[in-house]
Amino acid sequence: MSLSTRAIAGIAGVVVVGAASLGTGIYWANDAGKPRENVATMVVGTSTTTAAPFCYNDGKPIETAALNACAKKAQTDSENKKLPRLDVRSSDRIGVGVPKDLAEKGWYAITDGGGSSSSGGGRATIISNAQGVTYSGSKPASGLLASGDLTSVTVVSQDSKTDDIYAVWFFDLNNKTS
């Protein structure tokens, strides 16, 4: 019994379509589980938000001029409410997480609250001089918040030996009274 040319062409067509479907499915499955690269996580109470680094140079140290430009853009984005934001109350707890490869270099996280000075601003530390750990732990928000409606959080991956900065993330916290 021999197959006709039409049957062979039909079978070949099914094999090609099946192989293409299988290849697409494997690509999708392989890509679907990958996390976004270099994402930092801000945790407030039971809420979280993530962000890619605002300042990043493909794993190489960031030059001072680029850092200054980045900080100015972050300020503008904060004023325009474009930075990742979460609501926070003084009774909440705050934590920050960074990717493992950047945590190995070293990192710290600070807010523009938690203290006072003659200029009306302060600085509070969520975590300092961390190396190898990827999460800051939960800190009471009451000691970290600025006195106004907004608290800014800055997270920096910085090599503790060279002081080179590799990544900077910015988050805003909306201070709520109740």
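This is a predicted model: local features need pLDDT of at least 70, side-chain atom pairs count only at pLDDT 80 or more; totals for chains, interfaces and linings use all residues.
Close-up 1. The sulfur atoms of cysteine 55 and cysteine 70 lie 1.4 Å apart, and the torsion of -85° about the S-S bond makes the link left-handed. Cysteine 55 belongs to strand 3 and cysteine 70 to helix 2 (residues 64-79), so the pair links distant parts of the chain, 15 residues apart.

**Close-up 2. Phenylalanine 54 meets phenylalanine 170 edge-to-face.** The ring centres of phenylalanine 54 and phenylalanine 170 are 5.6 Å apart, with 90° between the planes. Phenylalanine 54 sits in the loop between strand 2 (47-51) and strand 3 (55-56), while phenylalanine 170 sits in strand 10, so the pair ties together parts that are 116 residues apart in sequence. Phenylalanine 54 is partly exposed, at a relative accessible area of 28%, whereas phenylalanine 170 is buried, at 15%. The structure holds 1 aromatic pair.

**Close-up 3. Lysine 105 lies over the face of tyrosine 166.** Here is a charge over a ring for you to inspect: lysine 105 is at 4.6 Å from the ring centre of tyrosine 166.

Close-up 4. The largest nonpolar core has 27 residues. Among its members, Met42, Ile94, Trp107, Val155, Trp169, Phe171 and Leu173 touch the most others. Several elements each supply at least two residues of this core, including strand 1 (40-44), strand 5 (93-97), helix 3 (100-105) and strand 7 (124-130). Strand 10 gives the most, with 5 residues. Leucine 173 and the residues it touches. Leaving aside residues up to four places away in sequence, leucine 173 touches Met42, Val44, Leu86, Val88, Ile94, Leu145, Asp149, Leu150, Thr151 and Val153. Leucine 173 and two of these contacts, Met42 and Ile94, are also among the residues that touch the most other members of the largest nonpolar core.

**Close-up 5. Strand 9 pairs with strand 6 and with strand 10.** Strand 6 and strand 9 run antiparallel and are joined by 5 bridges. Here isoleucine 110 has threonine 154, in strand 9, as its bridge partner. Strand 9 and strand 10 also pair in the antiparallel sense, over 9 bridges. In this pairing, valine 155 has tryptophan 169, in strand 10, as its bridge partner. The hairpin of strand 9 and strand 10 has 6 residues between the two strands, and aspartate 163 in the turn has a positive phi of about 65°.

Close-up 6. The strands follow the order 2-1-5-8, with antiparallel pairing. Strand 2 and strand 8 (139-140) stand at the edges with a single partner strand each, so one side of each is left without a neighbour in the sheet. Strand 1 and strand 5 are paired over 4 bridges, and methionine 42 stands opposite valine 96 in strand 5.

Methods
Residues are numbered from 1 along each chain as its sequence is written. Side-chain values use heavy atoms; hydrogens and water are left out. A nonpolar core is a set of buried Ala, Val, Leu, Ile, Met, Phe, Trp, Tyr and Cys residues joined through side-chain atoms within 4.5 Å. Buried means under 20% relative accessible area, exposed over 50%, partly exposed in between (1.4 Å probe, protein chains only). Contact means heavy atoms within 4.5 Å. Two strands pair if DSSP finds at least two bridges between them. Rings of Phe, Tyr and Trp (its six-membered ring) pair if their centres lie within 6.5 Å; planes under 30 degrees apart count as stacked, over 60 as edge-to-face and the rest as tilted. A charge sits over a ring if NZ of Lys or CZ of Arg is within 6 Å of the ring centre and within 35 degrees of the ring normal. A disulfide is a pair of cysteine sulfur atoms within 2.5 Å.
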